Amino acid sequence: MTSTQPTRRPTDAAHLEDEPDLPRELLNLPWIDCHNHAHTLSWDDRERYALSGCRSMVMVASGYHWTPYKPVRGEDIRYLWDDAINRRAAIERNHFFEAKLGLGVHTGVRIENPDELLEAMDDYCQLEEVVAVGETGVTPAQHVERWDVDHQQAVVEAQMGLAARHDLPTILHTPNQSADSSRSYRPELGTPGYEKNTTLGQEPVLEGENPALEAVKLDLEAAHAAGLDEERVVASHADGNNTEYLMEETDCYLSYTIGHSWLIGVDAADVADAIDAYGPERIMVDTDCANVLRTDPYALKRAIFELYRYGIDVDAIRQVVYENPREVFGLADGGSE
């Protein structure tokens with residue numbers, strides 16, 4: 001029991017057990033965000049990363065949301081790569097964390113002339129600042145224009161082949177099973193907090209009982225065909241729908257996206273459950289923060305505290321938020337020594 005308090009009447013303090021030995025080191029634990037789009041954020045948002053202890057990040061320039069034209073051409077995606085390359089060094093100078101890049105072809109919309117883009121991508125992969133290919137991966141339903149599964153898988157396989165050739169990991173976009181909502185928004189308004197015209201969504205090219213999981217399995221087929229080791233695949237947006245398959249039937253790393261839990265329903269509790277079930281050796285956490293989404297640059301720092309509150313020990317937390325991405329992506333002076 002605590003010592004007698006000089007209060008007029010008993011307070012909560014008089015009924016507390018001995019205070020726990022709190023891990024103060026969590027306050028200064030460095031962490032790595034292995035998947036975000038921070039180059040699209042405001043200066044203030046990136047400073048929030050720095051203030052909350054971000055040591056390194058992988059800024060993913062792959063994405064179709066930012067292209068000004070629809071349909072999307074290969075040159076539009078290449079502009080996204082060039083823009084991220086152009087701004088990366090200034091971001092490091094401004095905020096002090098290490099900023100590296102992931103470049104890829106996202107299949108969320110059909111892209112015209114993908115072969116020209118993939119040919120150019122070989123040179124981009126040789127840049128020192130490029131530490132990953134992606135995000136990419138077969139997507140069941142597209143925005144604006146449908147892209148059939150065979151063509152999607154071929155583009156994914158080609159990128160994985162480049163990753164294998166340049167000894168780079170691939171960030172896999174796994175289709176997430178979004179959180180259920182009791183009500184739907186007006187279709188003409190879309191989802192508040194997500195700046196995407198949902199009326200342009202196309203009919204799925206993958207159907208069946210579980211198309212989201214089937215897409216992940218097609219991605220692993222592409223990796224095998226491309227000669228990319230499963231240990232070099234980081235399945236981002238991991239969730240309850242794909243964790244068991246990825247953990248028990250593959251050697252992939254899993255990264256849980258917690259920067260917009262309000263949309264996809266994944267949070268630190270899911271990460272803690274995965275650590276309890278499978279250990280921390282192949283688990284990471286990312287924010288996926290981007291300017292088209294209501295996201296939280298503090299999400300990963302908050303998750304560090306939440307994981308401890310959920311019973312995860314300090315060494316496991318450090319491995320998940322720092323050591324694993326450090327080794328896989330060769331960040332923070334690690335992985336290539």
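Which side chain does Arg186 meet in a salt bridge? The partner is Glu188, at 3.9 Å from N to O. The legends below take this pair and several other close-ups in turn.

These views come from a predicted model, in which local features need pLDDT of at least 70 and side-chain atom pairs count only at pLDDT 80 or more, while totals for chains, interfaces and linings use all residues. Residues are numbered from 1 along each chain as its sequence is written, and side-chain values use heavy atoms, with hydrogens and water left out.

**View 1. Arg186 and Glu188 meet in a salt bridge.**
A salt bridge is a side-chain nitrogen of Lys or Arg within 4 Å of a carboxyl oxygen of Asp or Glu. Side chains of opposite charge can pair when their charged atoms come close. Arg186 has a relative accessible area of 56%, so this residue is exposed. Glu188 also counts as exposed, because its relative accessibility is 55%. The areas come from the Shrake-Rupley method with a 1.4 Å probe, and for residues only the protein chains shown count as cover. The structure holds 15 salt bridges.

**View 2. Arg110 and Glu145 form a salt bridge.**
Their closest N and O atoms are 2.8 Å apart. The pair links distant parts of the chain, 35 residues apart. Arg110 sits in the loop between β4 and β5, and Glu145 in the loop between β6 and α4 (149-165). Helices (H or I, at least four residues) and strands (E, at least two) are DSSP runs, numbered from the N terminus. Arg110 is partly exposed at 26% relative accessibility. Glu145 is partly exposed at 23%.

**View 3. Glu306 and Arg309 pair within helix α9.**
Their side chains meet in a salt bridge of 2.8 Å, N to O. The helix covers residues 299-309. Glu306 is partly exposed at 27% relative accessibility. Arg309 is exposed at 59%. Elsewhere, salt bridges that share partners join Arg73, Arg110, Glu112 and Glu145 into one network.

**View 4. Negative charges gather in a surface patch.**
The members are Glu75, Asp115, Glu116, Glu119 and Asp123. Patches are made of residues with over 30% relative accessible area and no salt bridge; like charges are joined within 9 Å, and nonpolar side chains (Val, Leu, Ile, Met, Phe, Trp, Tyr) within 5 Å. Lys and Arg count as positive and Asp and Glu as negative, while His and the chain ends are not counted. Each charge is placed at NZ of Lys, CZ of Arg, CG of Asp or CD of Glu. Helix α3 (residues 114-124) gives the largest share of the patch, four residues. Glu75 is found in helix α2 (residues 74-95). Glu75 counts as exposed, at 55% relative accessibility.

**View 5. Aromatic rings pair up.**
Rings of Phe, Tyr and Trp (its six-membered ring) pair if their centres lie within 6.5 Å; planes under 30 degrees apart count as stacked, over 60 as edge-to-face and the rest as tilted. By this rule there are three aromatic pairs. Trp31 and Tyr49 form a tilted pair, 6.0 Å centre to centre, with 40 degrees between the planes. Trp31 lies in strand β1 (residues 31-36) and Tyr49 in helix α1 (residues 43-51), so the pair ties together parts 18 residues apart in sequence. Both Trp31 and Tyr49 are buried. The rings of Trp81 and Tyr124 have centres 5.0 Å apart and planes at 70 degrees, so this pair is edge-to-face. Trp81 lies in helix α2 and Tyr124 in helix α3, so the pair ties together parts 43 residues apart in sequence. Trp81 is buried at 0% relative accessibility, and Tyr124 is buried at 9%. Trp31, Tyr49 and Phe97 form one aromatic cluster.

**View 6. A cis peptide bond joins Lys70 and Pro71.**
Omega is about 5 degrees. Pro71 is in the loop between β2 (54-60) and β3 (72-73). Another cis peptide bond joins Gly134 and Glu135, with omega about 15 degrees.

Methods: Buried < 20%, exposed > 50% of the residue type's maximum accessible area, 1.4 Å probe, protein only.
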